[in-house]
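Reader: I would like to go through the labels used for this structure and the criteria behind them.

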Amino acid sequence: MLGFVVGGIGLCSDTDLKCSLRKSKKIVSGKARKSNLVCLSSSTATHAQHHESSSSELSSRLTKKSANHTSASSTTPRRAGFVGALFLLSTFLWAAPIFTLMLLAHPFVLLFDYKRRRFHDMLCLLWANLTMACSFCIPRIIGKENIPEPGQVVIYAANHQSYADIFSFAALRRATKFVSKSEILKIPTIGWAIALGKHVALRRGDRRGQVMAYREMIQSIKDGNSLAIFPEGTRSKTGRMKRFHSGAFKASVTTGAPVVPITIVGTRELMPPDSYIPVAYPKNGISVIVHPQVDPTGKTDEEMSALVFQAIESGLPEEFRTTSEVL
């Protein structure tokens with residue numbers, strides 16, 4: 001009896017053990033399958049993420065490359081065509097006889113007209129106008145009634161988008177002394193002509209040089225000369241005007257010389273800001289818009305700056321106007 005019971009217990013134990021083992025195997029097998037499925041799905045997800053990341057990176061690279069290509073093509077200076085060749089040829093062909101005449105006359109100019117040097121101014125106007133005419137780029141003057149009378153001392157203030165702005169100024173047919181950066185003096189013939197004509201050279205970034213240039217401006221006005229200045233200080237690359245420097249307006253308030261706002265349109269197409277020679281004829285030609293004079297009486301240089309800025313900007317195309325502060 002005892003043996004039967006013990007044997008039964010042993011049999012039951014073996015049977016339970018086998019059942020437990022089977023269950024364990026099933027559980028382990030199930031977990032293994034589940035683990036394999038998890039690993040498989042994880043691997044698939046990782047692969048998908050990697051593929052998506054690679055695709056995204058590739059797309060990003062292609063987009064960046066395309067953007068860089070577009071940017072490079074938009075910033076790459078265009079080659080000068082017919083107008084560029086014609087402009088250079090005209091400039092230097094006329095420069096030879098005119099500058100020679102300027103050199104020959106210089107001793108007499110110093111002797112009889114040291115302060116104003118009007119003969120040199122006349123030759124510079126002739127040079128610029130002949131260059132523009134021979135290049136078929138004659139500017140159109142708008143607001144001729146606002147051009148000061150010959151002999152009236154004023155300060156011309158204009159927007160600056162191109163080296164061609166200086167040549168366009170000559171269309172006004174008024175003798176002026178340009179306030180320009182000193183680096184221009186190093187340019188053959190052009191720089192020499194500026195030096196002989198006693199124009200004002202400004203050393204940018206040099207405080208002492210700026211003070212000296214301002215004193216020369218004041219003295220030149222007192223000597224009876226009109227000045228031409230670009231208050232932005234440099235060419236605008238966007239076509240929109242930059243904040244004005246105060247020098248011209250302080251000189252106006254100090255001397256009482258009125259400021260004549262000038263808007264120049266079209267030179268940016270003819271000779272872009274980063275170009276030294278013309279590249280294409282402007283679609284609508286070149287326009288020089290002369291605005292009414294701004295009298296400095298009772299005004300501060302800040303007020304003069306704001307009024308002149310508004311006047312010049314009013315002549316620009318809509319896309320080049322800005323509402324930003326100018327003071």
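Reader: What makes R118 buried, exposed or partly exposed?

Author: R118 has a relative accessible area of 45%. Buried means under 20% relative accessible area, exposed over 50%, and partly exposed in between (1.4 Å probe, protein chains only). R118 is therefore partly exposed. This is a predicted model, in which local features need pLDDT of at least 70 and side-chain atom pairs count only at pLDDT 80 or more, while totals for chains, interfaces and linings use all residues. Residues are numbered from 1 along each chain as its sequence is written, and side-chain values use heavy atoms, with hydrogens and water left out.

Reader: Why is the contact of D113 and R118 called a salt bridge?

Author: A salt bridge is a side-chain nitrogen of Lys or Arg within 4 Å of a carboxyl oxygen of Asp or Glu. For D113 and R118 the N to O value is 3.1 Å, so the pair qualifies. D113 is buried, at 15% relative accessible area.

Reader: How many salt bridges does a search of the whole structure find?

Author: Four. Among them is E318 with R321, where the closest N and O atoms are 3.3 Å apart.

Reader: What makes E318 exposed?

Author: Its relative accessibility is 59%, so E318 is past the limit for exposed. R321, at 31%, is partly exposed.

Reader: How do you know that β3 and strand β4 (residues 200-202) pair?

Author: Two strands pair if DSSP finds at least two bridges between them, and strands (E, at least two residues) are DSSP runs, numbered from the N terminus. β3 and β4 have three bridges, in the parallel sense. K181 has L202 in β4 as its bridge partner.

Definitions and conventions
Helix = DSSP H or I, 4+ residues; strand = E, 2+ residues; numbered from the N terminus.
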